[in-house]
Amino acid sequence: MSQFTKPDALRTGPVMTDPTSRIDTEVLEPVFHSDTMCRLRLSNKGILNAGSRITFSLNKPDTEAFYPLSVGIGALIQSVAFKSGGKTICEVQDWGHLHAYESVFTDQSIVKERDQFLEGKGLSMGLSYVDGQANKTTHITLDNGKEKVVNATATETNHSVLDFMKLDREPVFSVSLDELIPCLRGQELPLFKIMEAIDIEITFSDPKKRVSIASGGDLTKAFSINTAETRLIADYSFLDVEEMEAYMKNQGKNYGYTFLEPRLTKTTLATSTDWENQIRNVGGAGRVVRRAVVGITSETINASGPIKSVLCDYRSIAPESTAKGTYGKLVANFKKNDKFLYPIDRSNSALHYHGLQDAQGGPPHIARSMYARQGYSIADNKFEGHAVGGTHQDQLLGQQFYTAYRFNDGMRVDSRGLELHSKLLSMTDAEKPFTSRCWIMVEKVMTIQDGKVDVMFT
């Protein structure tokens, strides 16, 4: 934007520099920490690298458990707020669920080779070879690099998490700042220009939603945060003399950029009357909204954990498949400014998948059966004692059924707000009540002027 100035060091593309530039790393402890929330304060120096990471861990539980495959250590996080001088610049509610959606767009080779070790994730698929044959396969299965156990028993499951990822080993994983805080994505924040206190406030999730339980495990055990392992590992860039002088010359001018902040609305769907005819306002009145994301989860938790323990609560449930080849449907549309986004309501799962790809700008890296229950491509194996394939595919079938909608007209939403029209035809009664979450991505501008950070809607 023309009224804003951005120094060369913060622009994308090649930048001329010299060896006098340097990068420093600082390990910051929380200024406040409990089992329900923590607050971290950044140092007002240098330029913050958005790839800096916050580490977390749980105290050793008295049962077999691991972090949910879809989000890993992200299951610990309920909400995140980024504040400057006491003002909330950016906030995300139900961050773990939104992160589960965003994670389906990560290439599965990256999940297997990087995120598994950094974040504790494990939802990557690979070929499942027929037992005793090294070159014959007809199915896929969960693949984390650990060899399959053939002829598994109740105590020896086909697949399991890597040993260091088991919670009795008290592993420490981390989440990057650009994953946590939308206003830092793709940006390098010049902290030395800010004269206010910069805080990151994290609210932790319910203990029952922090872990996945191995078959036979007990969710009634304590899953408390290990406060000694929470810390921010911050990387700061310090520029050469000429760049620093350029910054100081622009000290009184605006520096700013736009970003998208997720705004959450959610509702409980307790009966078929609720989920078969849902029309609800999801907000956005008077704002520029670029896209919307919708997910459905179950609130049913029993003594052995959420029904789908491999993913815990971090999933989105597809309509029920009553028989092989018979699938439920989602009929959905959005109304904006008295006009529907689609001229005809969408009910075909392929169109929902296309909308997901169109809104996010890339394809989800998930199997067809994981999205809309269609196809039985996942091998009949067990992961940590839970069935994840075969005829029923209990743990993965139809558990990544997210829908997304892109509003490409560029127009501001009128005073009525956005309306979600949704009919879920055939849901599993055993999993009710359901929670329907909808995030709308609202466009905002963050500015730094005279050492103060401010934010406004576009």
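**Exercise 1. In which loop is Pro-433 found?**

*Solution.* The model is predicted, so its local features need pLDDT of at least 70 and side-chain atom pairs count only at pLDDT 80 or more, while totals for chains, interfaces and linings use all residues. Residues are numbered from 1 along each chain as its sequence is written, and side-chain values use heavy atoms, without hydrogens and water.

Step 1. Strands are DSSP runs of E with at least two residues, helices are runs of H or I with at least four, and both are numbered from the N terminus. Pro-433 belongs to the loop between strand E26 (418-425) and E27.

Step 2. The peptide bond that leads from Lys-432 to Pro-433 is cis, with omega near 5 degrees. Most peptide bonds are trans, and most residues other than glycine have a negative phi.

Step 3. The loop between E26 and E27 also holds Ser-426. Ser-426 is not a glycine, yet its phi is positive, about 80 degrees.

**Exercise 2. Determine how strands E27 and E28 pair.**

*Solution.* Step 1. Two strands pair if DSSP finds at least two bridges between them. E27 (residues 434-449) and E28 (residues 452-457) have six bridges and run in the antiparallel sense.

Step 1. Val-445 has Met-456 in E28 as its bridge partner.

Step 2. Two residues stand between the strands of this hairpin, in which Asp-450 takes a positive phi near 55 degrees.

**Exercise 3. Is Asp-338 buried or exposed?**

*Solution.* Step 1. Locate Asp-338 in the loop between strand E21 (329-336) and strand E22 (339-340).

Step 1. Buried means under 20% relative accessible area, exposed over 50%, and partly exposed in between, with a 1.4 Å probe and protein chains only. Asp-338 is exposed because its relative accessible area is 53%.

Step 2. For contrast, Cys-38 is buried at 0%, and Cys-438 is buried at 0%. Ser-426, at 27%, counts as partly exposed.

**Exercise 4. State how many disulfides the chain contains.**

*Solution.* Step 1. A disulfide is a covalent bond between the sulfur atoms of two cysteines. The criterion applied is a pair of cysteine sulfur atoms within 2.5 Å.

Step 1. By this rule, the count is zero.

**Exercise 5. Describe the chain as a whole.**

*Solution.* Step 1. The chain has seven helices and 28 strands.

Step 1. A contact means heavy atoms within 4.5 Å. Among contacts between residues at least 6 apart in sequence, 77% join residues at least 24 apart.
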